[in-house]
Every structure is written in C-alpha cells, then in structure tokens.
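User: I am new to protein structures. Can you show me how to read a few features, step by step?

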Amino acid sequence: MEGLKSRVRWLMILMVMIRVLHVECRQPVLHRVGGGRFTWAPNIDFTEWSNHENFYAGDWLYFGFDKHIYNVLEVNKTSYDNCIDKDFIYNVTRGGRDVFNLTEANTYFFLSGRGYCFEGMKVAVQVREIPPEPLLLNHGFRSYVYIHAILLAMLATACACIILF
C-alpha cells in the first residue's frame, strides 16, 4: 500500500511539472504610438496604426512628442468621438516621451487637446486578455525539440522512481 501511495505522489508531481512547462510567459510589449519615436503628431492615421497592432493586458504605449505643443489625455468614448479635452480621465503628459500601461482588457481612448484632436491626434486602443497558448506553438522548432527532450527526461525519471520505490 505504501508503494502505491509513493507512485501516485510521483505521478502527481510529474503532471504538475508538465503543466508548468506548458504555461506561456508573454513579455509585455512597448507599442510606439504611430509607429515611430516621435509620431504623436497631426496628420498621422492612428486608426490605421492601431488596427495593425495587437494589444494585450500588461503592454505599454509610448507617446513621443513635443510637450510644449501637444499633450496626451486618456478620455472616455464620448470625449474621444467629439474631441473634448475637458474632464479627461488621466493626463499622460509628463515630458514628451511618455508611457501608459494598458493594465486590463478594455478599450482605451487617447487624444491631444489644444485643438489637435481635430487634426487627427486621437487613437482608440482595443486591449485583449493574454491568450492562453501553449509554449510549444510559439517558439519554433528548436524550442519544440528542447521542451520534448525535457518532458522525456522527466518521464524517464518518474518511471524510474515508480519502479524503484
């Protein structure tokens, strides 16, 4: 009976280890708004830019601009749609090279006040939850082989422990 408990314990440990290896650890991404270093400016199609980006909870937005001319305000949808820069949610502006953390899955709305919103300086960002993807599908053939080698080694170790104990 004691041998059976030991084997079950080793199998449970093995199952936990296999599950841990399949957890995706996605690193946050820094998105340069508009695509460049100083592209928070008029006459840039921010809608086109945001449609080609994938935003996930935990990512960051980088706004590069001249702080003496422009600003960045987080606003609600109504303010975004109507270019209203009063009663904003948060003033992102600090020094002209400012970042904003996308902390949760949500749609975030940003605009530049002082009338520049009417020149296109606004962006809506649709943030999604991090998709639960297995590690094996994301890192190419070398990682696939490496992970399988680890799994085989763990399986051999578990089998040896079950047989010996």
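Analyst: We will go through strands, a disulfide and the nonpolar cores. Keep in mind that this is a predicted model.

User: Which strand is joined to E6, and by how many bridges?

Analyst: Strand E3, residues 60-64, is joined to E6 by five bridges. The two run antiparallel.

User: Now strand E7. With which strands does E7 pair?

Analyst: Take E4 and E8 in turn. Strand E4 (residues 73-75) pairs with E7 (residues 106-111) in the antiparallel sense, over three bridges. Here Val75 has Phe109 as its bridge partner. E7 also pairs with strand E8 (residues 122-128), again antiparallel, over six bridges. There, Leu111 stands opposite Lys122.

User: Next, the disulfide. Which residues does it join?

Analyst: A disulfide is a covalent bond between the sulfur atoms of two cysteines. This structure holds one. It joins Cys83 to Cys117, with an S to S distance of 2.1 Å. The pair links distant parts of the chain, 34 residues apart. Cys83 sits in the loop between helix H3 (77-82) and strand E5 (90-91). Cys117 sits in the loop between E7 and E8.

User: Is the link left-handed or right-handed? And are Cys83 and Cys117 buried or exposed?

Analyst: The link is left-handed, with -65° about the S-S bond. Both Cys83 and Cys117 are buried.

User: Last, the core. Which residues have the most contacts inside the largest nonpolar core?

Analyst: In soluble globular proteins, nonpolar side chains tend to be buried together. The largest nonpolar core here has 20 residues. Trp40, Leu61, Phe63 and Phe110 have the most contacts inside it. Helix H2 (46-51), E3, E7 and E8 each give two or more residues to this core. E8 gives the largest share, three residues.

User: What does Phe110 touch?

Analyst: Leave aside residues up to four places away in sequence. Phe110 then touches several residues, including Trp40, Leu61, Phe63, Phe100 and Val123. There is also a second, separate core of seven residues. Among them are Val75, Tyr80, Cys83 and Phe109.

Terms used. Residues numbered from 1 in each chain as written. Predicted model: local features only at pLDDT ≥ 70, side-chain atom pairs only at ≥ 80, totals over all residues. Heavy atoms only, no water. Pairing = 2+ DSSP bridges. Helix = DSSP H or I, 4+ residues; strand = E, 2+ residues; numbered from the N terminus. Disulfide = S-S within 2.5 Å. Buried < 20%, exposed > 50% of the residue type's maximum accessible area, 1.4 Å probe, protein only. Core = buried A, V, L, I, M, F, W, Y, C linked by side-chain atoms within 4.5 Å. Contact = heavy atoms within 4.5 Å.
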